[in-house]
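Me: I would like to understand how the words used for a protein model are tied to numbers. Could we go through them one at a time, with the cut-offs given?

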Amino acid sequence: MEKAKIMDQKAISRAVTRISHEIVERNKGVKDIYIIGIETKGTPLAKMIASKIEEIEETKIACDSIDITMYRDDITHEKIKDTMDENFNLDVEDKTVVLVDDVLYTGRTIRAALDYIIDNGRPKLIQLAVLIDRGHRELPIRADYVGKNVPTSKSESVFVKFDSNDIDSSVIICE
C-alpha cells in the first residue's frame, strides 16, 4: 500500500542535476571518470547522471552497467558458478569509478558491486551515488552523493520508478 510519494519527476531531475555538479566539483573535472550503474534501477540513474555531466562539461562520459547477481551474499555458491559473467569488459584500471544505485539500504548490494569491480580491475577511486539513502545499514558503507535522505522503518519499502519518457518518474514509500 502506497504511503507517500516523496519525489516526483521534477524532484528527481533536480537531484540528478545536483549530484552531477557535485561529482564534477569533487573530482575537479571529469578526467578518467567512469559512471557504472547497478542493474536494474541504478542503470537508468547512471545514464541520467552521465548525460547531465556531459551537458555540464560538454564532453563524453564513459557509462556502463553491471549485474552483481553472482556476487550477492544471499545466493548459494552453486548458483554463483552457474551465473558467472565471463564477458566482463569494463576498463576500470586507474579510473575514478562512480558507482550508482537507486536506493541505499543495508549496503549489501554495494558490497557486492565493489567486489565485482575490484575482481576485474583496480580503479584509482570508487565513489557512490544514490538517489535515496534510507538508512538501516548492515555494513559500514555510505554514499558520497545522495539525492535525498529518507528515514524509514524496516517495515517500509522504497520504490523508484523511472519512466522511459521522463514524465512519470517517482519515488514512493509503501508499507
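Reply: Let us begin with the elements: helices (H or I, at least four residues) and strands (E, at least two) are DSSP runs, numbered from the N terminus. This is a predicted model, in which local features need pLDDT of at least 70 and side-chain atom pairs count only at pLDDT 80 or more, while totals for chains, interfaces and linings use all residues. Residues are numbered from 1 along each chain as its sequence is written, and side-chain values use heavy atoms, with hydrogens and water left out.

Me: What order do the elements of the protein run in, from the N terminus on?

Reply: The protein has four helices and eight strands, and from the N terminus on they follow the order β-α-β-α-β-α-β-α-β-β-β-β.

Me: What makes the protein as compact as a globular protein of that length?

Reply: The radius of gyration, taken over C-alpha atoms, is set against the globule rule, which is 2.2 Å times the number of residues to the power 0.38. For 175 residues the rule gives 16 Å, and the protein has a radius of gyration of 16 Å, close to that value, so the protein is as compact as a globular protein of that length.

Me: Why is Gly147 called buried?

Reply: Buried means under 20% relative accessible area, exposed over 50%, and partly exposed in between (1.4 Å probe, protein chains only). Gly147 has a relative accessible area of 12%, which is under 20%, so Gly147 is buried. Gly147 is found in strand β6, residues 145-149.

Me: Which residues does Gly147 touch, not counting residues up to four places away in sequence?

Reply: Contact means heavy atoms within 4.5 Å, and with those sequence neighbours left out Gly147 touches Ala15, Arg18, Ile19, Val130 and Leu131.

Me: How do you know whether Ala46 is buried or exposed?

Reply: Ala46 has a relative accessible area of 0%, which is under 20%, and therefore Ala46 counts as buried. Ala46 lies in helix α2, and, leaving aside its neighbours within four places in sequence, Ala46 is in contact with Ile35, Ile36, Gly37, Cys63 and Val100.

Me: And how do you know whether Glu58 and Asp94 are buried or exposed?

Reply: Glu58 has a relative accessible area of 74%, which is over 50%, so Glu58 is exposed. Asp94, at 53% relative accessibility, is also over 50%, so Asp94 counts as exposed. Glu58 sits in the loop between α2 and β3 (62-66), and Asp94 is found in the loop between α3 (77-83) and β4. Phi of Glu58 is near 55 degrees, a positive value in a residue other than glycine, and Asp94, not a glycine either, has a positive phi of about 60 degrees.

Me: What joins Glu39 and Thr40?

Reply: A cis peptide bond joins Glu39 and Thr40, with omega at about 5 degrees, and Thr40 is found in the loop between β2 and α2.

Me: What makes a set of residues a nonpolar core?

Reply: A nonpolar core is a set of buried Ala, Val, Leu, Ile, Met, Phe, Trp, Tyr and Cys residues joined through side-chain atoms within 4.5 Å. The largest nonpolar core here has 31 residues, of which Ile35, Ile49 and Leu131 touch the most other members. Helix α1 gives the most to this core, with seven residues. A second, separate core of 22 residues includes Ile66, Met70, Ala113 and Tyr116.
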